[in-house]
Amino acid sequence: MVARGASLSINLPVTPYGQFLEEGETLERCILDWADRKRGPVDGGDLLSIVVNNPEDDGSAARATTIVGLMPQLFGAVFETCQNALIWTLFLLAQHPRVAGDLLDELQTGLADGPPSLHAIADLPLLDAVIKESMRLLPPAPMQARVAQQDTTLGGHAVPKGSRVMLGAFVVNRLPARYPEPDSFRPQRWASINPNPFEYLVFSAGPRNCPGYWLGMAMVKVAVAAVLRRHRIAFPLNGRVDYIARPGLRPRGKMPAILHRQDGAFSRPRIAGNIFDLVDATQ
């Protein structure tokens, strides 16, 4: 094991470590070339334009190290959170056949034979509710951290400058006063509620809210619509689904599923796993 680790740290074109560095340098050049084309007037609808044209704390132009450090993180955050939201939404639909059937009816009526485009999904209220409820119950980013920029108070408690504060979506998104039966998957609740971002801690809130909120929601909606119209998701009998939060909420290990041609024959699989610590299995 030691010898293997030592070989990986040798920077030669034929070693994995050397190839890793070469690919990293290629990625860095691509990001910086792309960023150079974005310098100038800020395009509020273009995240890279905002990053590139946002000055450093000292007022100077955004440095290459800042741009290269931020962009891969942003891409990774978009990919992992949307992937997890899609997985958990399909899982919850498989656990709730009546909701899945109602959603399929809405998709077949609302989309007809057309593709699930951004324009088409805008008028599908149950799809919107299913995604929101899925991310409320199983938030893609259940833990968030903030650092106090100055001495302040929070809930009557002193928070010195530099303190790290953890935000827990598991707690906020399950407050019984706002969400009755908080551990249950109930998309219908969204027909009568409209929580503000501080009450629905999925995309954060305030000046540090997620800039990809609209894009992330749209991506998951389109993906769920595309999958559900073509396939019925099933799980092997007596299978197991576990979760892990590090820091995103994702399946722990494999999550085997079976794709059947969509026939509307939804049924609830009998499975186990610690995911039912977060989801009421009786509903």
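# A chat about a predicted model

Colleague: Let's start with His96. Buried or exposed?

Modeller: His96 has 9% relative accessibility, so it counts as buried. The cut-off for buried is under 20%. Keep in mind that this is a predicted model.

Colleague: Where is His96 found?

Modeller: His96 sits in the loop that runs between H4 and helix H5 (97-111).

Colleague: And how far apart are His96 and Gly156 in space?

Modeller: C-alpha to C-alpha, they are 42 Å apart. In sequence, 60 residues separate His96 and Gly156.

Colleague: Let me zoom out. How many helices and strands are there in the chain?

Modeller: The chain has 9 helices and 8 strands. Its C-alpha trace spans about 55 × 55 × 45 Å along the principal axes.

Colleague: What share of the residues counts as buried?

Modeller: The chain has 283 residues, and 36% of them count as buried. The accessible surface of the chain is about 16800 Å². Carbon and sulfur atoms hold 58% of that surface.

Colleague: What about contacts in the chain? How many join residues at least 24 apart?

Modeller: 64%, taken among contacts between residues at least 6 apart in sequence.

Colleague: Back to H5. What span should its 15 residues have?

Modeller: At 1.5 Å a residue, H5 should span 21 Å. Its end C-alpha atoms are 20 Å apart, which agrees.

Colleague: Which residues in H5 are buried?

Modeller: Among them are Val99, Ala100, Gly101, Leu103 and Leu104. Glu106, Leu107 and Leu111 in H5 are buried too.

Colleague: And what follows H5?

Modeller: Ala112 does, and its phi is positive, near 55°. As background, most residues other than glycine have a negative phi.

Colleague: Which other residue has a positive phi although it is not a glycine?

Modeller: Glu181 is one of them, with a phi of about 50°. Asn238 is another non-glycine with a positive phi, about 65°.

Colleague: Where is Asn238 found?

Modeller: Asn238 lies in the loop between strand E5 (231-234) and strand E6 (243-245). Asn238 counts as exposed, because its relative accessibility is 52%.

Colleague: And the place of Glu181? Where is that?

Modeller: Glu181 is in the loop between H8 and H9. Its relative accessibility is 42%, so Glu181 counts as partly exposed.

Colleague: New topic. How many aromatic pairs does a search of the whole structure find?

Modeller: The search finds 5 aromatic pairs. In one of them, the ring centres of Trp88 and Phe91 are 6.0 Å apart and the planes are at 80°, so this pair is edge-to-face.

Colleague: Where do Trp88 and Phe91 lie?

Modeller: Both are in helix H4 (residues 64-95). They are 3 residues apart, about one turn of the helix. Trp88 counts as buried because its relative accessibility is 0%. Phe91 is at 1%, so it counts as buried as well.

Colleague: Why is the pair of Tyr179 and Trp190 tilted?

Modeller: The planes of Tyr179 and Trp190 are at 45°, so the pair is tilted, and the ring centres are 6.5 Å apart. Tyr179 and Trp190 are both in the loop between H8 and H9, 11 residues apart. Both are buried.

Colleague: Which residues form one aromatic cluster?

Modeller: Trp88, Phe91, Phe235 and Phe276 do.

Colleague: What lies over the face of Tyr179?

Modeller: Arg136 does, at 5.2 Å from the ring centre.

Colleague: Arg136 is listed in H7. Which residues there are buried?

Modeller: Arg136 is one of them, including also Leu127, Asp128, Ala129 and Val130. In H7, 11 of the 13 residues are buried, so the helix is largely enclosed by the rest of the structure.

Colleague: How far does H7 reach?

Modeller: H7 covers residues 125-137 and reaches 18 Å from its first C-alpha to its last. That is close to the 18 Å expected at 1.5 Å a residue.

Colleague: Last one, Arg174. Buried or exposed?

Modeller: Arg174 has 12% relative accessibility, so it counts as buried. Its place is in the loop between helix H8 (169-172) and helix H9 (213-230).

Colleague: What does the side chain of Arg174 reach?

Modeller: It reaches the backbone oxygen of Leu278 at 2.8 Å. Leaving aside neighbours within four places in sequence, Arg174 contacts Arg136, Leu137, Tyr179, Pro182, Asp183 and Leu278.

Notes. Residues numbered from 1 in each chain as written. Predicted model: local features only at pLDDT ≥ 70, side-chain atom pairs only at ≥ 80, totals over all residues. Heavy atoms only, no water. Helix = DSSP H or I, 4+ residues; strand = E, 2+ residues; numbered from the N terminus. Buried < 20%, exposed > 50% of the residue type's maximum accessible area, 1.4 Å probe, protein only. Polar contact = N/O pair within 3.5 Å; in protein donor to acceptor, adjacent residues only side chain to side chain. Contact = heavy atoms within 4.5 Å. Phe/Tyr/Trp six-rings, centres within 6.5 Å; stacked < 30°, edge-to-face > 60°. Lys NZ or Arg CZ within 6 Å of the ring centre and 35° of its normal. Expected span 1.5 Å × (residues − 1). Areas by Shrake-Rupley, 256 points an atom, 1.4 Å probe, with all protein chains shown as cover.
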